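Please read each task first, and then follow its solution step by step.

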Amino acid sequence: MDFKGSRFSDFLKPSQIVYNLKADDKIQALEELLDVLLKQKLIKNKKPILTRIIDRERLESTAIGHGVALPHARVDTGHDIAIVVGRSEGGIDFDSIDSKKVHVIILIVWNPSIPGLFNHLFAGLAQFLRKPGFRKRLFEAKNKTELYNVVSEIELSFPVQEDKIISRASLLWKLQRAS
């Protein structure tokens, strides 16, 4: 896959949006979101991914403030990137840095064979999530389609020199899978 100048929607389908999370707490929310990736066959086994994410959360919460959390794991899933977005009307306690409940969770699992991907994904996300107007549109989305459309606007750009590394890593990964 060519990542340079990608949009978030290149890695996200409407079926990877959970408009009304049923979860009451962080662990339930993570499980609910991982179930979506499992159902979509974007991950094969949720348990090691859940363990990795929970371990990461224990080190430091991935709730970045302003009602948003970005839980993530670098795990070999057989895909380059697996993303699921969940929205909670009532909010979930995520041990956020600003002590506010989280209403939007963007969970990302990516392949370790793609160097630097994490930094670029989060740089692209941060650029949009820093904007109060963008966050407001995320929180006020009236339905799953509207939430998908807002998230789809996020642009991800990767430096040209790293693009070669990413392409080689992707090619190497495909060759390894083929043998």
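**Exercise 1.** State what the accessible surface of the protein chain comes to, and how much of the chain counts as buried.

In this predicted model, the accessible surface of the protein chain (Shrake-Rupley method, 1.4 Å probe) is about 9300 Å², and 53% of that area belongs to carbon and sulfur atoms. Turning to the residues, 50% of the 179 in the chain count as buried, where buried means under 20% relative accessible area.

Local features need pLDDT of at least 70 and side-chain atom pairs pLDDT 80 or more, whereas totals for chains, interfaces and linings use all residues. Residues are numbered from 1 along each chain, and side-chain values use heavy atoms, without hydrogens and water.

**Exercise 2.** Give the order of the secondary structure elements from the N terminus on.

The chain holds six helices and eight strands, taken as DSSP runs (H or I, at least four residues, for helices; E, at least two, for strands). Their order is β-β-α-α-β-β-β-β-β-α-α-α-β-α.

**Exercise 3.** Describe the largest nonpolar core and the surroundings of I83.

A nonpolar core joins buried Ala, Val, Leu, Ile, Met, Phe, Trp, Tyr and Cys residues through side-chain atoms within 4.5 Å. The largest one has 30 residues, and I83 is among those with the most contacts inside it, together with F8, V85, I106, I108 and L125. Elements that each supply at least two residues include β6 (81-92), β7 (102-110) and α3 (117-129), and α3 gives the most, with six. Leaving aside residues up to four places away in sequence, I83 touches F8, F11, L12, Q16, L37, I106, L107 and I108, a contact being heavy atoms within 4.5 Å.

Conventions: Buried < 20%, exposed > 50% of the residue type's maximum accessible area, 1.4 Å probe, protein only.
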